Amino acid sequence: MKFFRGAWPICKRELHSYFVSPVAYALTAIFWLAEGVFFVSILGFWAAQGRNADARAQEFGADGNLLNVPAMVAGAFLDVTVLMLLFIIPIIAMGLLSEEKRRGTMELLLTSPVANGGILLGKFLGAYIFLLFMLAPTYSFQFVMAHYGANEPGIFATGYIGIALMAAAMLAATLWVSSVTKNQIVAAFGGYGVLMVFWFIDAPANLLPSVWQDTVRWMSLNEHFGDFRVGVLSLRDFNFYFWFALMFLFLTHTALGSIRWRGVRSS
Amino acid sequence: MIHVENLAKRFGSIAAVDNISFDVEAGEVVGLLGPNGAGKSTTMRILTGAMPPTEGIVQVAGHDVATTPLEVKARVGYLPEVPPLYPEMKVRNYLRFVAELKRVPRKERAGRVDSALARCWLEERADQPIEQLSKGYKQRVGLAQAILHDPDLLILDEPTSGLDPRQIIEVRQLIRDLAGDHTVVLSSHILSEIAASVERIIVINQGRVVAADSVDRLAQRFSGGEHVTAQVRGDVDALRRMLPNVAGVASATVVDDPEAGVWRCDLVAEPDIDIRAGAAASIVKAGFELVGMSRSEMGLEEIFLRLTEQGTNDHAKSDNQAA
């Protein structure tokens, strides 16, 4: 496809650069370790809560199992994973375009028969595939629960669909930040800034006039995850992440056009 | 091969290139010369098809860069000022990536990569990560990248900047080898560089072409006649009286005596006359001792300064004061 010309080699190269980068390895190791620690402590916490609830219920003569422990664990674990993404994605994405500009390799891409859409898609996919590679093993944590006889595979499934969608949206936003600077540290902090804005945008919702409340809630990255984490798939949430990602990819495409027109130096 | 007509490139209100026109024939080796910020890099980037011009016509091998940039990109190899390298990649993998980017057909890729490695003397380093290479080797990888898809036109922006003298000679040799089958446009602000590598120079200053000709002809145009330097032992007053009378000498000055008693004399010939033999004979005949004699052609430095004087006088003044 003409619009995405050059995407595949760029995507492959990007992936390769993650797999030879010590930063990416360190980040992956920390992510996996932290996810494991969080999962174990969440499991411990809710197992204790579950036992307490059962004991309390028996005191009053009811049967056990008042608290759905697997659903609680899955929900809390998904929340933690999403929070981790908030910290990891700006680091994954910070160098995507800013480093190309700083190293001068953008010049190679611009003088090759590669479309802006190809640069965009190649970069996005490269980083996205790496993110999915980081996330994939954590999906298997549910089998620890299954081993003890209780699991909520449905919540894990919808939760990970939600995570994949939200990760794409976050990645698109941080990719855009990376396209407007030459400095990857600036790109990382700018990425945190943009994600934070769309994370907390619904916080003051109750203080706003009622006509605005729904709008700011709709704009929140976090709010749309609520359905996925309890096992619900809704088109409304899917649409939000899809259009959020598309908007930032479009902005990035525009930024690339501007780089082409003005050259790298002026940015 | 290249046709540039009334090219202008503006960034907002700043004109980086302001009405440039020139042509380059196939097989020529041309140097773009000019002070820093003159518009060389912008002109080159436009020639590669990477950046559209604001105004004017730019054609490479008959293809317009603004309307058919892909056709142009397929025919142009470009080495930017900073070679566009991914430090974590191995040389061979990097070149494979570039081959894919440049849409070299899959079957030809391995062969092209090997031949680029061979032409740039990189075979021993092929499986080393680029970040471990010296600056000279990195420059060669940059050149290998530029010739990989066998382009008709090679555009090299400051190909020897930052290299040590040995590396400069190697890269220069490499460029000369490549010049056989490619049209080459290279830029530099180092004048000896241009003189060593190119047949014709285009001097750009403040976004305009101020001269375009061969090095020799530019020198002739600006120096008028030939300069001869003679080292003579003898009485300086008699020397001063005698030298202007030598046949064919337009003017003569005794400059100084770097070795005690041996005077350095600067003779300027009338146009198209070789005065060396005549002057030597006259000096010896007049009873002086002729210690040495050499012809000094007008240096590129001097031509460069004269061509770019206009508009940069302020800089020149402050430079002089600093000196």
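**View 1. An open sheet of 6 strands in chain B of a predicted model.** The strands follow the order β6-β7-β8-β3-β9-β10. Their pairing is mixed. In general, strands of a sheet pair through backbone hydrogen bonds, either parallel or antiparallel. From one strand to the next, the twist averages 15 degrees.

**View 2. The edges of the chain B sheet.** One edge strand is β6(B), residues 76-79. The other is β10(B), residues 208-214. Each of these edge strands pairs on one side only.

**View 3. Strand β6(B) beside β7(B).** β7(B) covers residues 153-157. The two strands run parallel, joined by 4 bridges. Look for B:Tyr78: its bridge partner in β7(B) is B:Ile155.

**View 4. Helix α6(B) across the strands.** This helix spans residues 165-179 of chain B. It lies across β3(B) (29-33), β7(B) and β8(B) (183-188). Against β8(B), helix α6(B) runs at about 150 degrees.

**View 5. The contact between chain A and chain B.** Chain A brings 20 residues to the contact, and chain B brings 23 residues. On the side of chain A that touches chain B, three helices each supply at least two residues: α1(A) (7-19), α5(A) (105-110) and α12(A) (235-262). α5(A) gives the most, with 4 residues. By class, this side of chain A has 7 nonpolar, 9 polar and 4 charged residues.

Definitions and conventions:
Residues are numbered from 1 along each chain as its sequence is written. Chains are lettered from A and ligands numbered from 1 in the order in which they are written. This is a predicted model: local features need pLDDT of at least 70, side-chain atom pairs count only at pLDDT 80 or more; totals for chains, interfaces and linings use all residues. Two residues are in contact if their C-beta atoms, placed from the backbone, lie within 7 Å. Ala, Val, Leu, Ile, Met, Phe, Trp, Tyr, Cys and Pro count as nonpolar, Asp, Glu, Lys and Arg as charged, and the others, Gly among them, as polar. Two strands pair if DSSP finds at least two bridges between them. Axes are lines fitted to C-alpha atoms, for helices over the stretch in contact, and angles run from 0 to 180 degrees between N-to-C directions.
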